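Hi,

Here is the structure I promised to pass on to you. Please have a look at it first, and then read my notes below.

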Amino acid sequence: MGKLRIHSYFKGLLFPSDNDNCWSNKYKLILLLKLCGTNYPTSICFIVVNEFCERFSYYGMKAVLTLYFLTYLHWDKDLSTAVYHAFSSLCYFTPILGALIADSWLGKFKTIVYLSIVYVIGHVVKSVGAIPTVGNPDVHIALSMVGLILIAFGTGGIKPCVAAFGGDQFDEENVSERQKFFSIFYMSINAGSLLSTVITPILRGDVQCFGGDCYALAFGVPAALMVVALVVFIAGSSLYKRNPPQGNILLEVCNCIGFAIKNRWQRRRYEPQRKHWLDWAEEKYSKRLIQEIKMVLRVLVLYIPLPMFWALFDQQGSRWTLQATRMNMAFVRMLNALMILLFVPIFDLIIYPLVGLCRINITPLRKMAAGMVFAALAFGAATLVEVNVVKTVVDPAPAGNCLLQVFNLAGGDVSLQIPGSNPFPEPIKYLQDPPKYEMLPLKAPSKMLKIEVTLNGATSECQHIFNQQNSYSLIVFSETTGVQCKLVSASENGFLNTLPEAINLTVGDVTFHVPSGDMSPNKTVERREYAEVSCSLESKECSNVNLGLLDFGGSYTVILMEVRTLTIQMEDVKANNVHIAWQIPQYVLITTGEVMFSITGLEFSYSQAPANMKSVLQAGWLLTVAFGNVIVLIVAEGAGLEQWKEFLLFAGLLLGVFIIFSIMAYFYTYVDPDELDKIYAGDFFLNETEYMKQYLKEAK
């Protein structure tokens with residue numbers, strides 16, 4: 001019976017009769033199982049689970065990548081940041097390669113399988129590079145870089161294919177189900193991201209292996225999840241609807257565009273103008289191909305303003321994180337992912353239907369434009385938070401000036417006289433916590449100043465060189481020869497050791513070594529109460545030191561007077577009292593914008609693309625993310641603005657882009673790529689025949 005149906009169907013394709021409805025029964029040859037009597041194909045379950053595992057793998061690896069560079073490879077912050085962003089950018093530039101392979105050569109299914117294997121190999125290489133016993137540091141660096149490059153090609157290559165392949169599973173008439181699929185697909189991305197950013201750092205820090213943090217396990221678990229993703233995807237292979245690749249479509253598109261431009265230039269003087277400049281290619285290329293190129297180009301033009309949205313959105317992982325570190329509570333990294341999981345069903349099941357009841361036509365482009373407005377409002381809210389956060393931050397001194405505070409360890413009240421200024425008119429009490437940094441005029445880029453210090457009627461003189469726009473701490477102490485002074489940069493304010501021998505202290509997981517009579521550099525530690533800080537002298541162990549609460553945004557100098565009984569904590573920069581909850585409004589707004597912009601754009605890119613260019617257009621959509629990150633780098637490095645001004649600048653730029661995009665969207669005409677099958681029946685007939693040949697070949 002099955003053979004008879006195949007024969008009849010194939011015969012109908014070759015010799016269609018008037019009574020044969022083969023054109024509308026495009027895929028009835030394949031039995032597509034549905035979920036619980038709905039119009040959702042069973043195959044999408046495998047695709048959604050695959051995406052969840054792949055995103056867990058990707059974000060889990062990235063969650064500890066910067067720490068891996070800093071603490072395992074011992075790179076500095078600048079190099080670690082540069083390599084991290086270079087890797088992220090590569091992950092969003094490689095989708096165009098995966099799209100070309102899928103649409104022109106292997107098809108989406110095989111492309112996903114083969115590049116997933118590359119992806120797994122990259123994870124394994126990366127995990128092996130994190131094993132201390134494997135080679136020397138140069139080997140670890142080489143393995144890490146090779147692993148990251150393979151991961152970038154793997155994840156980037158499958159990005160445009162998985163979403164488009166999921167869309168392919170739906171019949172032409174199930175448009176609403178396909179739209180909901182993209183929402184579910186996006187939720188799986190954020191669910192994987194949410195779990196991985198929680199679990200992977202725990203595996204690194206709480207599990208010890210090879211005598212330290214277990215990066216091999218932290219990278220190995222994402223590798224295992226990628227293997228699961230690959231196995232799950234292959235398991236559903238018998239249920240998938242597969243559209244065969246159409247040959248080197250990009251080359252054909254480029255040749256068609258080139259021929260149209262050349263032909264128009266050669267014949268423009270003696271032939272009448274044609275309706276569209278691409279119509280000049282009709283002498284050589286089919287009308288169907290020309291129409292498909294028109295569709296793609298119209299969408300790509302719409303993409304031009306879109307990177308600005310991503311420029312704002314991706315700052316959640318950089319600028320907003322830095323803002324949160326200066327607030328008085330731990331930053332919740334998974335806040336956006338949590339809200340996505342909540343907002344997607346709320347918008348799909350409640351908000352969009354309610355708006356529809358009000359007879360408001362909410363087209364995809366209108367949703368995307370509204371998403372831009374919400375993202376701009378999010379940065380307006382971030383600006384207000386930033387203005388309040390920086391109130392406790394010490395502003396750098398202007399040119400020709402520096403900042404100075406004084407620590408008095410001399411055993412009594414001291415008075416200071418500085419020629420040309422009097423920033424300390426009142427006596428400074430013994431062990432007094434300096435209330436603030438005082439402005440010290442230099443009137444030059446650098447200047448040596450003589451400072452007169454008076455203790456118990458005796459005056460001593462100190463000489464030090466001060467540089468403009470720097471912050472200093474002047475330590476005044478007493479010796480048998482009189483009062484002495486020591487000048488240290490504010491970046492060196494940490495532990496001041498007045499003991500006769502060096503001391504080692506461990507604050508959380510940060511170690512300080514402080515020579516006798518010297519000061520340790522300033523280091524960043526976690527916010528918490530440090531009631532018992534372990535310490536050791538060169539000659540013996542010492543009692544634990546009580547530092548009390550080290551709060552968010554604060555900068556402290558701790559003076560070690562007597563190890564057993566006394567430590568004096570000086571607060572150089574006051575802790576920030578702005579609660580992390582003030583960031584919630586900006587996260588609500590940016591998540592609302594993401595739901596309306598990103599999910600809608602994903603589905604729009606699929607629905608407006610011809611069947612043979614869907615992966616290419618998905619790759620174009622992902623490229624807007626890459627260029628958005630480039631915008632952030634340009635503005636952040638080139639503008640040199642205060643953070644709140646930079647936030648305001650981004651909000652204003654996006655509002656400007658919103659106006660431009662709204663005008664472009666107003667003139668955009670939505671198309672149904674499937675209508676091309678009816679218009680260009682001859683081309684459709686050839687494609688259907690090719691489809692059947694491909695299916696029969698695979699069935700054998």
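What follows is a short tour of a sheet, a helix and some cysteines.

Please keep in mind that this is a predicted model.

**The sheet**

Let's start with an open sheet of three strands, in the order β4-β6-β7, where the pairing is antiparallel. If sheets are new to you: strands of a sheet pair through backbone hydrogen bonds, either parallel or antiparallel. The edges here are β4 (414–417) and β7 (458–467); each has a single partner strand, so one side of each has no neighbour in the sheet. On average, neighbouring strands of this sheet are turned by 25 degrees against each other, ignoring direction.

You can follow one pairing by eye. Strand β6 (residues 446–455) runs antiparallel to β7, and ten bridges join the two.

**The disulfide**

How many disulfides does a search of the whole structure find? It finds one. A disulfide is a covalent bond between the sulfur atoms of two cysteines. In this model the bond joins Cys 462 to Cys 485, with 2.1 Å from S to S. Cys 462 lies in strand β7 and Cys 485 in strand β9 (residues 482–489), so the pair ties together parts that are 23 residues apart in sequence. The torsion about their S-S bond is about 65 degrees, which means the disulfide is right-handed.

Are these two cysteines buried or exposed? Cys 462 is buried, with a relative accessible area of 6%, and Cys 485 counts as buried too, at 12% relative accessibility.

**Two other cysteines**

Cys 53 counts as buried because its relative accessibility is 5%, and the cut-off for buried is under 20%. Cys 254 counts as partly exposed, at 46% relative accessibility.

Last, have a look at helix α16 (residues 584–607). This helix has 24 residues and reaches 34 Å from its first C-alpha to its last, close to the 34 Å expected at 1.5 Å a residue. Where does α16 bend? The bend is at Glu 594, by about 30 degrees. Helix α16 is also mostly covered, with 20 of its 24 residues buried.

Happy exploring, and do write back with any questions!

Best wishes

Methods. Residues are numbered from 1 along each chain as its sequence is written. This is a predicted model: local features need pLDDT of at least 70, side-chain atom pairs count only at pLDDT 80 or more; totals for chains, interfaces and linings use all residues. Side-chain values use heavy atoms; hydrogens and water are left out. Two strands pair if DSSP finds at least two bridges between them. Helices (H or I, at least four residues) and strands (E, at least two) are DSSP runs, numbered from the N terminus. Axes are lines fitted to C-alpha atoms, for helices over the stretch in contact, and angles run from 0 to 180 degrees between N-to-C directions. The expected span of a helix is 1.5 Å times one less than its number of residues. The bend at a residue is the angle between axes fitted to the seven residues ending there and the seven starting there. Buried means under 20% relative accessible area, exposed over 50%, partly exposed in between (1.4 Å probe, protein chains only). A disulfide is a pair of cysteine sulfur atoms within 2.5 Å.
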